[in-house]
Amino acid sequence: MTSSLSNISFATQGLKKNDEYMTPKSAWTDIKKFIPRDKIIWEAFYGDGTSGQYLRDMSLNVIHEDRDFFDTPPEYDLIVSNPPFSKTRQVLVRLVELDKPFILIMPSNKINYKYFQDIFRDKGIQLIIPKRRIHFLAEKFKGKNSSCYFDCFYYCYKMNLERDINFL
């Protein structure tokens, strides 16, 4: 199934400056207990490639390839990822089309956006709230300790967590 948004390529088109920050390993290890171990996980946004390896290091079965998110997806059970923040609306629309469970790192203020509320009002969403801001790493400044802190939540859909709001 190809989405009507398939003309957007995250590999080459339209990424903004705030999309160049990679997910640190700690962001995934912090939520390890919420990620099912018996599922095939698609880490759908490649970045610099380290995120998929971090999930594999946790003994998870992960598909992590440099491919367009809007093309036909691989066979998977759930998505665990950090999508480009500038493409959140398009990503969420596509995820609703796919209708599979996910855990996404996104800015905490997304929950206040009208499009977010319109998408999930009747579908439900659960949250995992980190203890602190996530310290994202700048891809283009590797080796120079350049980083950025964003106030983020882990947004969970169809994950059947014990509680709707989970504090780490």
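**View 1. Strand 5 and its parallel partner.** Phenylalanine 102 in strand 5 is the bridge partner of isoleucine 79. Like everything shown here, this pairing comes from a predicted model. Three bridges link strand 4 (residues 78-81) with strand 5 in the parallel sense. To get from strand 4 to strand 5, the chain passes through helix 3 (residues 88-98), making a right-handed β-α-β crossover.

**View 2. The other side of the pairing, strand 9.** Strand 5 and strand 9 (residues 152-157) run antiparallel and are joined by six bridges. Look for leucine 104, which stands opposite tyrosine 155 of strand 9. How many residues of strand 5 (residues 102-107) are buried? Six of the six are, so the strand is largely enclosed by the rest of the structure.

View 3. The whole structure holds 12 aromatic pairs. One of them joins phenylalanine 85 and phenylalanine 136, edge-to-face, with 5.9 Å centre to centre and 85 degrees between the planes. Phenylalanine 85 sits in the loop between strand 4 and helix 3, and phenylalanine 136 in strand 7 (residues 134-138), so the pair ties together parts 51 residues apart in sequence. Both phenylalanine 85 and phenylalanine 136 are buried.

View 4. Phenylalanine 116 is buried at 3% relative accessibility, and phenylalanine 120 is buried at 4%. Both belong to one aromatic cluster, together with Phe102, Phe153, Tyr155 and Tyr157.

How values were computed: Residues numbered from 1 in each chain as written. Predicted model: local features only at pLDDT ≥ 70, side-chain atom pairs only at ≥ 80, totals over all residues. Heavy atoms only, no water. Buried < 20%, exposed > 50% of the residue type's maximum accessible area, 1.4 Å probe, protein only. Helix = DSSP H or I, 4+ residues; strand = E, 2+ residues; numbered from the N terminus. Pairing = 2+ DSSP bridges. Right-handed = clockwise from strand over helix to strand, strands pointing away. Phe/Tyr/Trp six-rings, centres within 6.5 Å; stacked < 30°, edge-to-face > 60°.
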